[in-house]
Amino acid sequence: MTKKGISAGTVHELPADLRKVLASSPAAQVAWEDITPLARNEWICWVISNKKPETRKNHIERTHTELIEGKHRPCCWGGCRHR
């Protein structure tokens, strides 16, 4: 687990901006802890692999929303190449 008790992925540490969003939403945090470490790793990699700050922000917002909707992994993405 990382700061504030929010789990990281299998390869990637939880970035501060994503941690902040998860910590501010009990529903998203519960969903985050309910998925596997590999699934968390996919979400983290999906967020940090962006070059543009606005795309990263969008991915963080989508992570929050989609976790609450019950999604376990980012949609339409090839997956983390760091596995």
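**Salt bridges**

The structure holds 3 salt bridges (a side-chain nitrogen of Lys or Arg within 4 Å of a carboxyl oxygen of Asp or Glu). This is a predicted model, in which local features need pLDDT of at least 70 and side-chain atom pairs count only at pLDDT 80 or more, while totals for chains, interfaces and linings use all residues. Residues are numbered from 1 along each chain as its sequence is written, and side-chain values use heavy atoms, with hydrogens and water left out.

Select D17 and R56: their side chains form a salt bridge at 2.7 Å, N to O. D17 is in helix α1 and R56 in helix α4, so the pair links parts 39 residues apart in sequence (helices are DSSP runs of H or I, at least four residues, numbered from the N terminus).

Next, select R62 and E66, which form a salt bridge at 2.9 Å, N to O. E66 has 8% relative accessibility and counts as buried (under 20% relative accessible area; exposed is over 50%, partly exposed in between, with a 1.4 Å probe and protein chains only). R62, at 31%, is partly exposed.

**Helix packing**

Select α3 (residues 37–48) and α4 (residues 53–68), which pack at about 155° with axes 8 Å apart (lines fitted to C-alpha atoms over the stretch in contact, with angles from 0 to 180 degrees between N-to-C directions).

**Inside**

Finally, select L18. Beyond its neighbours within four places in sequence, L18 is in contact with W32, I44, V47, I60 and T63 (heavy atoms within 4.5 Å).

Conventions: Helices (H or I, at least four residues) and strands (E, at least two) are DSSP runs, numbered from the N terminus.
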